[in-house]
Structure formats: C-alpha cells, structure tokens
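Reader: Can you walk me through this one? I'd like to start with the rings and then go wherever the questions lead.

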Amino acid sequence: SINYFLLQQYYFYGLAQVIGIILMSFYFIFGFQSTSMSLLPLIALYVPMVLSQLIIFFWLQRFNIDPKEERGFLWRGRLLSLAAWPIYFLAFVGVLAGKRLTYAVTPKGKEQNFETRLSLFIPHFVLGTVTALDIVISIFSRHRAPQILFWAIINTVAMYFFFFGPILQRIYAYISNRKISSVVLEETDAF
C-alpha cells in the first residue's frame, strides 16, 4: 500500500522540474541566484548522491517481477519518465484547478492506433523554448554560470527531442513510403 502512495508523489516531479526552469529563467534574466555554489563543491555533493541513487536503483531491481529480464539501466523507462514530467506537471495543475477528468476507453490489440498525436508534445516545445531563450538571454545578460547553462542546454535538447522526434518520424515514414511506392511502380512497369 505504501507503493501506491509513493507512486502518487511522481506528480510533484513535474512541479520540481518547472520550478527549476523558472529559477533558471530568473537567473538568466535578472541574475537572481536561488543558491550560491561553486562548480567543484556541487560536483563533490552531486556525484555521491547519484552513486547512492544508482546503488539503490540496482538493489531494488531484485524485487522486480522478472529480475533476470528487468535489470540494468532500463533506459526505456528513464526516457519515458523524462518525456512524462511535463504531462505530470499539467496533471498537477489540472488537479489544483479542479479540472474534471473524462474517461476514454483506449483500443487494444489490432484496433490500437499507433499514430502519435503531436499536440501531446506542445508542453515539451514550450518548455524547451523557454530554456532555449534563457540560453540566448544569457549571452546579453552576462549571467553564464556553467552549471546552470549545462542544465538549460540539457533541458532544451531533451524537450526538443520529444517534440521534433515524432515529426521527424512522420517525415521519414512519408519519405520511406514514397520510395517504396516508387520502387513498386518501377517493378510493375518492368513487366
């Protein structure tokens, strides 16, 4: 039962990320620092924290349903959680606003539509653009702390990856289908 409680805390992950982007923007625009820490002390604290998280992460894998198959860094799940945090934030805002959820039956099996709705990635585009603008603003404002620039670049690349990835995937599928169609036409013309 504690697992179900802890799962619900994931919505705050989106809130923490948005607060981080807001604080980055305050720094790049106004020079406001939420904390003052040099790079070396940050690394000295951050590396042990990441290592302890990894140790716990790998230790907990022995409790997975199929620990022999579900082990390692589990990159798909990490990528999914990175893509999901803007949606978690919007869900959090929806709860605060009292937005009522609608129930929709999702098709399964052969009835399932695998085409990605691009509108799902608008929050990613907006958040990536905010940090991209922050990077540009840092050139003119002269607020260029390397650790904050690093996280702004990481966020911009990640958010744009999730936004432009499905678009590029559709373009590639369109071009591939056109090439396949033209090859088929050329082969039938040969007969």
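Reader: What does R78 lie over, and at what distance from the ring centre?
Author: R78 lies over the face of F57, 4.4 Å from the ring centre. Keep in mind that this is a predicted model.

Reader: And what about R78 and W75, how far is that one from the ring centre?
Author: That distance is 6.0 Å, with R78 over the face of W75.

Reader: Which residues form an aromatic cluster there?
Author: F57, F58, F73 and W75 make up one cluster. So R78 sits over the faces of two of its members, F57 and W75, going by the rule for a charge over a ring.

Reader: How many aromatic pairs does the structure hold?
Author: There are 16 of them. Take F125 and F164: their ring centres are 6.2 Å apart and the planes stand at 85 degrees, so this pair is edge-to-face.

Reader: Where do F125 and F164 lie?
Author: F125 is in helix α5, residues 122-141, and F164 is in helix α6, residues 146-190. The two parts they tie together are 39 residues apart in sequence.

Reader: Staying with α6, where is T156 and what does it do with its side chain?
Author: T156 is in helix α6. A polar atom of its side chain lies 2.8 Å from the backbone oxygen of A152.

Reader: Is T156 buried or exposed?
Author: Buried, because its relative accessibility is 9% and the cut-off is under 20%.

Reader: Which residues is T156 in contact with, leaving aside its neighbours within four places in sequence?
Author: G128, T131, A132 and I135. T131 also turns up on the list for M24, which is in contact with T131, D134, I148, W151 and A152 once its own neighbours within four places are left aside.

Reader: Ok, M24. What about the largest nonpolar core, which members touch the most others?
Author: M24 is one of them. The core has 17 residues, and the ones touching the most other members are I21, M24, F28, W85, L127, M159 and F162.

Reader: Which elements give two or more residues to this core?
Author: α2 (11-30), α4 (75-97) and α6. The one that gives the most is α6, with 6 residues.

Reader: Let's look at α4 then. Is F92 buried or exposed?
Author: F92, which has its place in helix α4, is buried, with 16% relative accessibility. Leaving aside neighbours within four places in sequence, F92 is in contact with Y11, F12 and L15.

Reader: And how are F92 and I153 separated?
Author: Their C-alpha atoms are 25 Å from each other, and along the chain they are 61 residues apart.

Reader: Zooming out, how many helices and strands are there?
Author: 6 helices and 0 strands. From the N terminus on, the order reads α-α-α-α-α-α.

Reader: What is the radius of gyration, and what would a compact globule have?
Author: The protein chain has 22 Å, while a compact globule of 191 residues would be near 16 Å. The C-alpha trace spans about 75 × 50 × 40 Å along its principal axes.

Reader: What share of the residues count as buried?
Author: 19% of the 191 residues. As for contacts, among those between residues at least 6 apart in sequence, 79% join residues at least 24 apart.

Reader: Last topic, backbone angles. Which residues other than glycine have a positive phi?
Author: L74 is one, with phi of about 50 degrees, and R142 is another, near 65 degrees.

Reader: Where are L74 and R142?
Author: L74 is in the loop between α3 (39-60) and α4, and R142 is in the loop between α5 and α6.

Reader: Buried or exposed, those two?
Author: L74 is partly exposed, with a relative accessible area of 33%. R142 counts as exposed, because its relative accessibility is 67% and the cut-off is over 50%.

Conventions
Residues numbered from 1 in each chain as written. Predicted model: local features only at pLDDT ≥ 70, side-chain atom pairs only at ≥ 80, totals over all residues. Heavy atoms only, no water. Phe/Tyr/Trp six-rings, centres within 6.5 Å; stacked < 30°, edge-to-face > 60°. Helix = DSSP H or I, 4+ residues; strand = E, 2+ residues; numbered from the N terminus. Lys NZ or Arg CZ within 6 Å of the ring centre and 35° of its normal. Buried < 20%, exposed > 50% of the residue type's maximum accessible area, 1.4 Å probe, protein only. Polar contact = N/O pair within 3.5 Å; in protein donor to acceptor, adjacent residues only side chain to side chain. Contact = heavy atoms within 4.5 Å. Core = buried A, V, L, I, M, F, W, Y, C linked by side-chain atoms within 4.5 Å. Rg over C-alpha atoms; globule rule 2.2 N^0.38 Å.
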